[in-house]
Amino acid sequence: MKESEPITCDVAIIGAGMAGMASALYAANRGLNTVLIGRTNGATTFASGLLDLLGVYPIEQKKKRLHPWKGMAELVAECPEHPFAMIPQSAIREAFAELLEFLKLEGLDYCGGADKNHEVITALGTSKPTYLIPRSMLEGARAFREGRPCLLIDFHGMREYSARQITSVLSKKWPALRSERIEFPEALMGGELYTTSMADSLESAALRTKIAEAAREIRKENEVVGFPAILGLKSARKVFADLQTQIGAPIFEIPTLPPSVPGLRLKEAFESYLPKIGARFLPFFFVSEARKTGDGGFELTAGGESHHGLVRSRAVILATGRFLGKGLLAERRAIRETVFNLPVYQPGNRKDWHREHFFDPEGHAVNRCGLVVDNLFRPVGKNETPAFQTLFAVGSILAHQDWARTKSGAGLAIATAYQAVNACRVELGK
């Protein structure tokens, strides 16, 4: 394995999911010399492309929230230890606004950001409240809300996506919804279709024309046409506009199961933009060892398949996620944090991690385990003092939150990244 030259920086961010990417964006925007370390084939591969803020609360009632900010006020009043309770709503709005500005520059148009959630339909035929959605999904949310005549199209050989199933599940809520299946122009006879390869293929104008012709033939009286979220990857804005013009009716995308093309669009936007603003990205590296140095900084051993080296930083932002991101590891007796071996908030006994019933309304205690932080988002120990002066933690690794069930994953990542980076900047005197 080849050893590379040591890298020095103001802040090293460990983890390349939404929390890590957002942290790198905010840090570089503020003039911090930034290095982002993390494998990009992890949590970002499973991202839907929807940017949730708060979709469900209270959890026990599974109450969908049309107004996320009101729901958040209730949440922080009832759960003052939740990470959202340490961030003013004004700061969360600022965080989203800065993110939206970057996305627009990279050709990704998102809608929302006011006081209401959109309700979008999913590949399972359910509906989900979410804060910001790609513009390519906007007509679908409107059509669902208004019950307009709508045609959903899927393709022979497409895996894990069925327009017929979506229509069947939503038939009572949306009687004017129907489905059709067509051939994908470049499909192999009898072969399976994958969302990423379909999205790449749709960069071809000739292929888009063939799909538009097939859609026009079956559209009939339907006002709106829905497709699985495969309408381009690198040129999504162009692909969408061209297909809509050729079909002659509003179209929209429906999120698919992972890997999600809108999620990959987000990932590629970050990877394209971060180097432009000075952030250095080590996408195939992971941190195998972290040490405190005598001058108050950190020394990280980062390695990949063919290289390894040192990253010396004045501060670290830990955005490694929970179990999927490998920020937390569940061992036989306890859950531990994998980089700095920080104390993890968790039930005292493993038998208390889970409730007897998988779908227990109160959820499982393991879902709320993680790192406890101070009001600057620095992990603390049992004595409630920071483990390190310039070590911060953001995103799903934080304790006292259940992002999956509250539909708040992106909001948690974005808001905590924004707040931690601002605190980091102050601590570094930048």
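Analyst: Let's start with the term itself: on a 1 Å grid over the protein atoms alone, a cavity is a set of points where a 1.4 Å probe fits but cannot get out, while a pocket is an open set with protein on both sides within 12 Å along at least five of seven lines; a residue counts as lining if it has an atom within 4 Å of a point. Grid points are joined across faces, edges and corners, and the volume is the space filled by probe spheres set on the points.

This is a predicted model, where local features need pLDDT of at least 70, side-chain atom pairs count only at pLDDT 80 or more, and totals for chains, interfaces and linings use all residues. Residues are numbered from 1 along each chain as its sequence is written, and side-chain values use heavy atoms, with hydrogens and water left out. The chain averages a pLDDT (the predictor's confidence in each residue, from 0 to 100) of 91, and 94% of the residues score at least 70.

Now to the cavity. The structure has one of 30 Å³ or more, and the largest cavity holds about 40 Å³ of space. Its lining is made up of Val120, Ile121, Met137, Gly140, Ala141, Phe252, Glu253, Ile254 and Pro255. Two or more of those residues come from each of β5 (118–121), α4 (138–146) and β11 (251–254); helices (H or I, at least four residues) and strands (E, at least two) are DSSP runs, numbered from the N terminus. β11 gives the largest share, three residues. By class, this lining has seven nonpolar residues, one polar and one charged. Here Ala, Val, Leu, Ile, Met, Phe, Trp, Tyr, Cys and Pro count as nonpolar, Asp, Glu, Lys and Arg as charged, and the others, Gly among them, as polar.

Two of those elements turn up again at an open space, the second largest pocket, which holds about 290 Å³. Of the 13 residues lining this pocket, Leu66, Asn117, His118, Glu119 and Arg145 are the closest to its centre. β5 and α4 are the elements that give two or more residues to the pocket lining, and α4 gives the most, with five. The classes in the pocket lining are five nonpolar, two polar and six charged.
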